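Here are a few notes to read alongside the structure, written for a colleague who likes to check things by eye. Please keep the viewer open as you go.

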Amino acid sequence: MKRILTLGLVALAAAAGLTACSTKDTSQGSGPKEITFLTFETPNLTPQYWDAAIKRVTDKYPDIKVKKLVSPDQDRTTYAKQLLTSGQFPDVMIAVSPAGFAEAGNLYAWSQSELTEFQFPDNGAIKGKVYQLPANTQTIPIIYYNKSLFSQAGLSSPPKTYPELLDAAAKLKAKGITPFVVGGGHDALGPTFAGILATDVYAKNPNWMHDRRAGKVKFTDPDFAKAAGKLSDLASKGYINKRDLSRDYAGTQQAFLDGKGAMYAMGNWFAAALDSPQTKPKFEVGQFDWPSDDGSLVVPAFTGGGLLVSATAKNLDAAKKFALAFQLDKGNLDNSTTSDGLFPAVKGYTPPATTGAAFKAGYELFHQAVTANAVVPAFGFEAGDDGMLPGVVEKWVSAAADLITGKPVAQVCKSLDTEWDKAS
Amino acid sequence: MTADLAAAPTATKPPPPRRHPARRRRWPRVRHFAGFAGPGVLVYACFVLAPILVSVWYSLTNYNPFNPPTKFTGLHNYRLLFTDTEFLTSLRVTTVLTMMVVIVPNVFGLGIALLLDRRGWLYNALRSVFFIPVVLSSVVVSVIWTRLLDDDGLVNRTLRSLGVANPPGWLSDPKYALYSVGAILSWQLLGLCVVVYLAGLQGVPAELYEAAAIDGAGPVRRFRAITWPLLAPALTINTVVLLISGFKVFDHIQVITHGGPGTGTTATIAYNVLQTGFVANRRGYASAMAVLMLVIIGTVSAIVLKVLQRREVDL
């Protein structure tokens with residue numbers, strides 16, 4: 001009896017010992033400082049892309065050793081929450097929404113002196129503090145269009161106003177061409193809705209989200225409801241195929257590249273796929289901004305999306321050093337423009353001359369908007385105090401799917417207000 | 001251990017005068033069984049009971065790790081559940097899905113088991129074929145079926161080649177999505193039912209069939225009078241296992257539909273728990289959902305088990 005109990009205790013002690021062995025503390029001593037880095041993969045951001053980007057920094061700082069973690073899907077923010085809950089919060093993360101983490105003290109707040117290299121050092125601030133490096137600007141969306149399918153429908157130029165967009169969609173549909181390519185989920189469906197909301201909501205009130213937080217506006221208000229009605233209308237007229245909601249992000253991109261639809265509202269990162277010799281489509285692709293009712297220029301964009309550092313990282317200094325070096329390394333910035341079509345928001349940076357034609361066209365559209373002072377936030381892609389409350393973004397994506405599948409607009413808008421109240 | 005057992009009854013010291021004699025005699029036996037049961041009970045207590053108790057505690061608070069401090073809120077979360085349309089919809093979705101998962105594999109599983117209850121290499125091979133989906137990971141099954149039922153997937157391409165111009169959006173149309181997921185789950189669990197029913201069928205004495213045949217009973221009569229009553233234990237096992245599997249479905253939803261398309265279509269309670277707890281960060285409220293789900297599963301399973309076991313006795 002005693003022998004059995006003793007054996008049991010010894011086994012438990014051995015298991016505990018083995019568990020303890022698996023966590024290596026490198027905070028002390030002179031060896032390399034190990035940090036964990038949470039990444040995510042897309043057709044543009046391949047494992048090779050991340051490995052090369054990490055290596056550029058570790059070559060510069062051999063005292064830092066990086067253990068790469070990969071989010072199992074596109075929703076890296078939820079994965080980061082799961083890691084936090086299980087005591088495995090990464091030391092460094094990229095493109096994770098800081099909302100919630102920052103308020104709970106899980107993230108390191110960058111000082112102004114650390115952000116001097118960035119063009120918009122206050123972007124994405126939460127209660128005045130910046131937790132995510134404001135590394136790059138993304139226009140969300142640009143409408144990419146298949147010039148060959150446009151020609152087949154007798155369209156010689158892209159639409160300049162929303163009525164012209166509807167007219168183009170009608171002509172495309174009449175020729176048996178699906179006007180818009182969409183998918184399910186935030187990144188595959190969100191940009192289309194963000195385009196409408198930019199012209200119908202943010203163009204009138206760039207502080208709409210701050211006002212929603214303050215309770216001054218609601219999703220049931222006329223402007224938002226009108227935008228929601230436009231999305232619903234596109235689906236009911238057959239310009240958006242509700243069956244496409246079963247596509248994931250990669251499948252949606254591939255569908256456009258395969259010529260399965262004429263227009264694809266997507267973030268400017270899609271330019272990388274158009275410029276890459278591996279994924280470049282056989283047809284010519286043009287770009288235009290989501291048109292407003294009267295044709296006035298409105299371009300939704302988001303600056304942020306960079307690296308975040310855990311406030312409790314064992315090797316905090318190494319994590320900070322890695323994050324800043326990763327974000328400011330010229331090689332990494334060049335690679336982010338060519339591989340992911342990003343516009344680095346770093347002072348003095350100019351994209352390499354080798355960037356592709358699609359990247360250059362998107363960059364030009366963005367600069368026209370900056371010159372015309374026509375840049376507004378990208379609805380559903382904002383961060384920090386500019387963004388929705390935690391948990392509401394996912395409901396917003398579901399609401400977009402509801403509009404496409406035919407739920408009444410008023411019911412969808414009301415449910416968003418209910419979800420907002422629950423999250424408050 | 002043997003020494004311990006032997007030593008206790010032959011102790012030289014006389015026992016105290018008739019104070020708890022039964023307890024003294026029982027003590028070595030208790031220690032003996034505790035040695036076997038202890039590690040299992042310890043693991044169960046640490047990894048099952050303790051998390052349940054912690055969840056019950058969280059469900060009585062407004063716990064949100066990103067929005068401290070945590071306050072005790074009593075039954076507020078439970079009261080909220082009964083007015084939360086999102087939760088009530090997920091309860092309806094879970095109930096529909098569970099009914100499908102209990103009925104479809106049971107019916108088809110019994111039919112297939114009756115067809116496979118024969119000797120020969122072909123039947124042995126077919127038994128393995130039907131059981132393969134059971135051992136496959138839910139994620140693998142979900143990915144395979146997502147590819148098949150996608151709008152451009154094999155199923156719709158086949159339908160289009162057969163002249164169906166607008167095949168259904170199996171996973172994207174709210175009218176079909178839940179039933180598609182139910183069909184996938186049923187397909188995966190079918191093999192389990194087949195194996196359990198086959199085991200039951202092989203326990204039915206052949207003499208009963210011979211006697212019934214001599215009495216002139218046909219195949220339907222033999223099934224109703226012999227096979228069906230004697231398969232009662234197999235039906236009980238299948239029903240309870242499927243019931244529990246149906247109620248706690250999460251992984252298929254996560255991979256195939258992400259709770260969509262839109263809202264209130266395929267989001268089950270388990271999926272809702274994760275979304276509320278880890279996306280909206282409302283862990284206290286999510287815990288209340290989880291506790292209620294545990295109570296529902298426990299209650300329904302107990303009732304079904306009781307009814308089916310009573311049927312076994314009656315038969």
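This is a predicted model: local features need pLDDT of at least 70, side-chain atom pairs count only at pLDDT 80 or more; totals for chains, interfaces and linings use all residues.

The points below go from the chain contact to the domains, then to a helix pair and a sheet.

1. Let's start where the two chains meet. The contact draws 29 residues from chain A and 28 residues from chain B. On the chain A side, the elements giving two or more residues are helix H1 (2-21), helix H3 (76-85), helix H14 (392-405) and helix H15 (409-423). H14(A) supplies the largest share of that side, with 5 residues. Sorted by class, the side of chain A that touches chain B holds 9 nonpolar, 11 polar and 9 charged residues.

2. Next, the domains. Chain A splits into domain 1 (32-138 + 303-361) and domain 2 (140-301 + 388-423), and their C-alpha centres lie 27 Å apart. Where they touch, domain 1 of chain A contributes 20 residues and domain 2 of chain A contributes 19 residues.

3. Strand S4 (136-139), helix H12 (330-340) and helix H13 (357-371) of chain A each give two or more residues to it, and H13(A) has the largest share, 4 residues. The classes here are 8 nonpolar, 11 polar and 1 charged residues.

4. How do helix H6 (residues 186-202) and helix H8 (residues 222-236) of chain A cross? Their axes come within 9 Å and cross at roughly 145°, and the crossing of H6(A) and H8(A) is right-handed. From H6(A), the contact uses Phe193(A), Ile196(A), Leu197(A), Asp200(A) and Val201(A); the residues from H8(A) include Phe224(A), Ala227(A) and Leu231(A). In this contact of H6(A) with H8(A), 7 residues are nonpolar, no residues are polar and 4 are charged.

5. Now for the sheet. An open sheet of 3 strands in chain A runs in the order S6-S5-S7, with antiparallel pairing. Strand S6 (263-266) and strand S7 (285-289) of chain A each have a single partner strand, so one side of each has no neighbour in the sheet. From one strand to the next, the twist averages 25°.

6. Strand S5 (residues 142-146) of chain A pairs with S7(A) in the antiparallel sense over 5 bridges, and Tyr144(A) has Gln287(A) in S7(A) as its bridge partner. H13(A) packs on the sheet and touches S5 and S7 of chain A; the direction of H13(A) makes about 15° with that of S7(A).

Key. Residues are numbered from 1 along each chain as its sequence is written. Chains are lettered from A and ligands numbered from 1 in the order in which they are written. Two residues are in contact if their C-beta atoms, placed from the backbone, lie within 7 Å. Ala, Val, Leu, Ile, Met, Phe, Trp, Tyr, Cys and Pro count as nonpolar, Asp, Glu, Lys and Arg as charged, and the others, Gly among them, as polar. Domain bounds come from an automatic or database domain assignment. Axes are lines fitted to C-alpha atoms, for helices over the stretch in contact, and angles run from 0 to 180 degrees between N-to-C directions. A crossing is left-handed if the near helix is turned anticlockwise from the far one by less than a right angle, and right-handed if clockwise. Two strands pair if DSSP finds at least two bridges between them.
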